[in-house]
Amino acid sequence: MSNDESSNVPEPNDRRSAVREKAQLVHARQRRARAIRTTALTVGAVAVVAIVATGVTMAVTSQTSRPDMSPANVVDDGFAVTSVNGVAVDTGAQNVDATPTPTPTKSAKGAGSATATPDPAATGTGVVDIRVYVDYYAPGAKQFQVANVQQLTRWVDQDAATLSYYPVAMLSAKSNGTKYSQRAASASACVATHSPDSFFAFNNALLSKQPEQGDDGFTDVELADLAIASGADDPKTVRACIEDENYVTWVKDATERALVNIPDTDGVALTGTPMILVNGHPYAGALDDPKEFAQFVLTNSSDAYYHPVEPTPTATLDVSSSPSPSTTGK
């Protein structure tokens with residue numbers, strides 16, 4: 001008698017084939033999953049690389065395609081002071097000589113003696129050219145400005161002198177990597193370009209509020225704040241110029257030019273800051289002594305500055321440190 005149920009039981013070969021087919025299906029699904037993951041990772045990596053490459057390209061392109069900007073109102077890399085408004089002179093401040101600088105006078109024999117002190121503003125003759133090469137991070141630059149701002153202001157205001165400042169950057173490596181000298185000089189160029197009448201006030205603020213040596217210096221935002229507080233016109237434009245550091249490259253180039261040669265001098269080159277030139281002659285006296293500087297100004301002024309209208313053999317020019325003219329009878 002035959003057993004019909006035995007025909008429904010798979011043969012061993014059939015079972016093995018079914019197992020293989022299932023295994024192949026599982027392996028196929030696993031391969032597809034791995035391929036999908038690999039493709040996703042590859043696409044992601046390529047996207048990241050593309051984004052990074054695009055960013056680097058844009059940054060490099062931005063730097064290389066950005067034209068070198070030069071400030072306006074500049075002559076031989078310097079800015080002439082057109083207005084002394086906005087500078088409050090504290091005659092009681094340290095290093096500021098509160099006594100008025102005396103006036104050069106002459107005395108004839110028998111007419112009494114004259115005490116003279118150097119004050120170009122009081123003579124009314126000759127216009128002295130004063131140029132100051134300044135690194136806004138140099139302590140000596142602060143000393144000179146604080147000591148002489150009173151008489152510089154008076155001389156310019158009374159048309160006894162022309163005054164120009166030449167921002168340079170020789171101490172950029174001294175401010176913990178912030179390159180403060182370059183940024184401050186660039187900021188001064190921004191103000192001279194967009195608000196020339198407030199340049200002297202901003203220049204004075206940069207020096208009188210000079211950061212201590214070893215500090216990072218003011219940030220670009222703080223420099224812009226200081227410029228606006230100094231009376232800069234068009235604050236939005238001035239702020240953008242300072243915060244974008246528009247003239248940093250120009251400052252570097254101007255510094256390099258000054259290190260080679262200073263225009264309108266007899267082979268003078270910048271060796272340190274401040275460098276003060278009076279009619280092209282470097283001042284080598286005390287930076288914090290306004291009387292000594294005033295004497296140097298008087299000495300280097302034009303020949304016409306000294307010549308009396310009716311010269312006499314006994315005419316003399318007595319320069320002393322007394323604060324005011326005095327006469328004594330014989």
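The following legends describe close-up views of a predicted model.

**View 1. A disulfide joins Cys-190 to Cys-241.** The two sulfur atoms lie 2.0 Å apart, and the structure has 1 disulfide by the rule applied here. Cys-190 belongs to helix α4 (residues 180-194) and Cys-241 to helix α7 (residues 235-243), so the bond ties together parts that are 51 residues apart in sequence. The torsion about the S-S bond is about -80°, and the disulfide is therefore left-handed. Both Cys-190 and Cys-241 are buried.

**View 2. Tyr-180 is a buried residue of helix α4.** The relative accessible area of Tyr-180 is 0%; residues under 20% count as buried, so Tyr-180 is placed in that class. Asp-216 is 36 residues away from Tyr-180 in sequence, yet their C-alpha atoms are 6.9 Å apart in space. When neighbours within four places in sequence are left aside, Tyr-180 is in contact with several residues, among them Tyr-136, Tyr-137, Ser-172 and Ser-175. Its contacts also include Leu-206, Pro-211, Asp-216, Gly-217, Phe-218 and Leu-223.

**View 3. Helix α5 (residues 199-208) is largely enclosed by the rest of the structure.** This description applies because 9 of the 10 residues of helix α5 are buried. The buried residues include the aromatic residues Phe-199, Phe-200 and Phe-202. Ala-201, Asn-203, Asn-204, Ala-205, Leu-206 and Leu-207 are buried as well. Among the elements against which the buried residues of α5 pack are the strands β1 (79-80), β3 (128-134) and β4 (161-167). The helices α3 (139-157), α4 and α6 (220-229) also pack against these residues.

**View 4. Five strands form an open sheet with mixed pairing.** The strand order is β1-β4-β3-β5-β6. Strands β1 and β6 (281-282) stand at the edges with a single partner strand each, so one side of each has no neighbour in the sheet. Strands of a sheet pair through backbone hydrogen bonds, in either a parallel or an antiparallel manner. The pairing of β1 with β4 is antiparallel and spans 2 bridges. In this pairing, Phe-79 stands opposite Tyr-165 of β4.

**View 5. Both faces of strand β5 (residues 275-278) are covered.** In a regular strand, side chains alternate between the two faces of the sheet. Met-275 and Leu-277 lie on one side of β5, while Ile-276 and Val-278 lie on the other, and all four residues are buried. Strand β5 pairs with β3 in the antiparallel sense over 4 bridges. Within β5, Met-275 is the bridge partner of Tyr-133.

**View 6. Strands β5 and β6 form a hairpin.** Between the two strands there are 2 residues. Asn-279, in the turn, has a positive phi of about 50°. Pro-282 in β6 is the bridge partner of Leu-277.

**View 7. Met-170, Leu-259 and Val-260 make a nonpolar surface patch.** The area of this patch is about 270 Å². Met-170 is found in the loop between β4 and α4. The relative accessibility of Met-170 is 31%, and this residue therefore counts as partly exposed.

Terms used:
Residues are numbered from 1 along each chain as its sequence is written. This is a predicted model: local features need pLDDT of at least 70, side-chain atom pairs count only at pLDDT 80 or more; totals for chains, interfaces and linings use all residues. Side-chain values use heavy atoms; hydrogens and water are left out. A disulfide is a pair of cysteine sulfur atoms within 2.5 Å. Buried means under 20% relative accessible area, exposed over 50%, partly exposed in between (1.4 Å probe, protein chains only). Contact means heavy atoms within 4.5 Å. Patches are made of residues with over 30% relative accessible area and no salt bridge: like charges are joined within 9 Å, nonpolar side chains (Val, Leu, Ile, Met, Phe, Trp, Tyr) within 5 Å. Accessible areas come from the Shrake-Rupley method with a 1.4 Å probe; for residues, only the protein chains shown count as cover. A salt bridge is a side-chain nitrogen of Lys or Arg within 4 Å of a carboxyl oxygen of Asp or Glu. Two strands pair if DSSP finds at least two bridges between them.
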